[in-house]
Every structure is written in C-alpha cells, then in structure tokens.
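This report goes with a sequence and a 3D structure, shown below. Please keep both in view while reading.

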Amino acid sequence: ATADMTLSVEHADERDIAAIAALNNTFAPDGLTLPRSIDFVTSHLQDYQVVRDANGALLGCVALDEYSPSLVELISLAVDPCAQGRGIGRRLI
C-alpha cells in the first residue's frame, strides 16, 4: 500500500472529540488501545493530532502523553478500519 499524500496531519479541535473517543474505543475491546472517555479526550485535546478526509471525517488519531521534557509516549493511535493500508498510521507516528 502506498501512502496517501493528499491527507494531512493536523491538530485536533473540539469538533473531533467524539470521533476521537469513538475511533479509539473501536480497538479497546481487543486490547489494542486503552478505553478513552469524552472527558479524557477533552482534557488532552491539545495533545491529539488527527487525519481527516476531504469531507472532514476523522480517519486517524494519535496523542502524545508527556511524562517529562525528555520522555513522551504515543497513546491512542487508531486508524479507521475503512482507511487502513493508506499510510495514515505511519503519518501519525
């Protein structure tokens, strides 16, 4: 699969909160992500990056959780199953 270069990674905003939580939680039952509530996403919104399609629909998300200035963890990395194989996860990382 080749990367879709027409998609850009950008900072998440308020319109993305519900979609981020829903996309992330798609993978939680299988243990691939930790469950995230609307409150969690809202309080960490500044840490999230997203990829949207041309219509603004959320295709992927990721957040950085900063433990210290020299240590961060990628959390909540998720790509919509319908959009997998397009290089979106790689772009987010």
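Predicted model: local features only at pLDDT ≥ 70, side-chain atom pairs only at ≥ 80, totals over all residues.

The model contains an open sheet of 4 strands in the order E1-E2-E3-E4, and the pairing is antiparallel. Strand E1 (9-11) and strand E4 (71-79) are the edge strands; each has a single partner strand, so one side of each has no neighbour in the sheet. From one strand to the next, the twist averages 25 degrees.

## Strand pairs

E1 and E2 run antiparallel and are joined by 3 bridges. In this pair, valine 9 is opposite valine 51 of E2.

E2 also pairs with E3, in the antiparallel sense, over 5 bridges. Here valine 50 has cysteine 61 in E3 as its bridge partner. The hairpin of E2 and E3 has 5 residues between the strands, and glycine 56 in this hairpin takes a positive phi near 90 degrees.

Strand E3 (residues 58-68) pairs with E4 over 7 bridges, again in the antiparallel sense. Opposite aspartate 65 stands glutamate 73 in E4.

## Burial of E2

How much of E2 is buried? The count is 4 of its 5 residues, so E2 is largely enclosed by the rest of the structure. The cut-off behind this count is a relative accessible area under 20%.

## A nonpolar surface patch

Which residues make the nonpolar surface patch? They are Leu64, Val72, Leu74, Leu77 and Ile93, and the patch covers about 430 Å². E4 gives the most to this patch, with 3 residues. E4 is also one of the edge strands of the sheet.

Leucine 74, one of the patch residues, lies in strand E4. Its relative accessibility is 39%. Buried residues have under 20% and exposed residues over 50%, so leucine 74 counts as partly exposed.

## Summary of E4

Strand E4 brings several of these features together. E4 stands at an edge of the sheet with a single partner strand, and its pairing with E3 is made over 7 bridges.

Note on methods: Residues numbered from 1 in each chain as written. Heavy atoms only, no water. Pairing = 2+ DSSP bridges. Helix = DSSP H or I, 4+ residues; strand = E, 2+ residues; numbered from the N terminus. Axes fitted to C-alpha atoms, helices over the stretch in contact; angles between N-to-C directions. Patch = residues over 30% accessible without salt bridge, like charges linked within 9 Å, V, L, I, M, F, W, Y side chains within 5 Å. Areas by Shrake-Rupley, 256 points an atom, 1.4 Å probe, with all protein chains shown as cover. Salt bridge = Lys/Arg side-chain N within 4 Å of Asp/Glu carboxyl O. Buried < 20%, exposed > 50% of the residue type's maximum accessible area, 1.4 Å probe, protein only.
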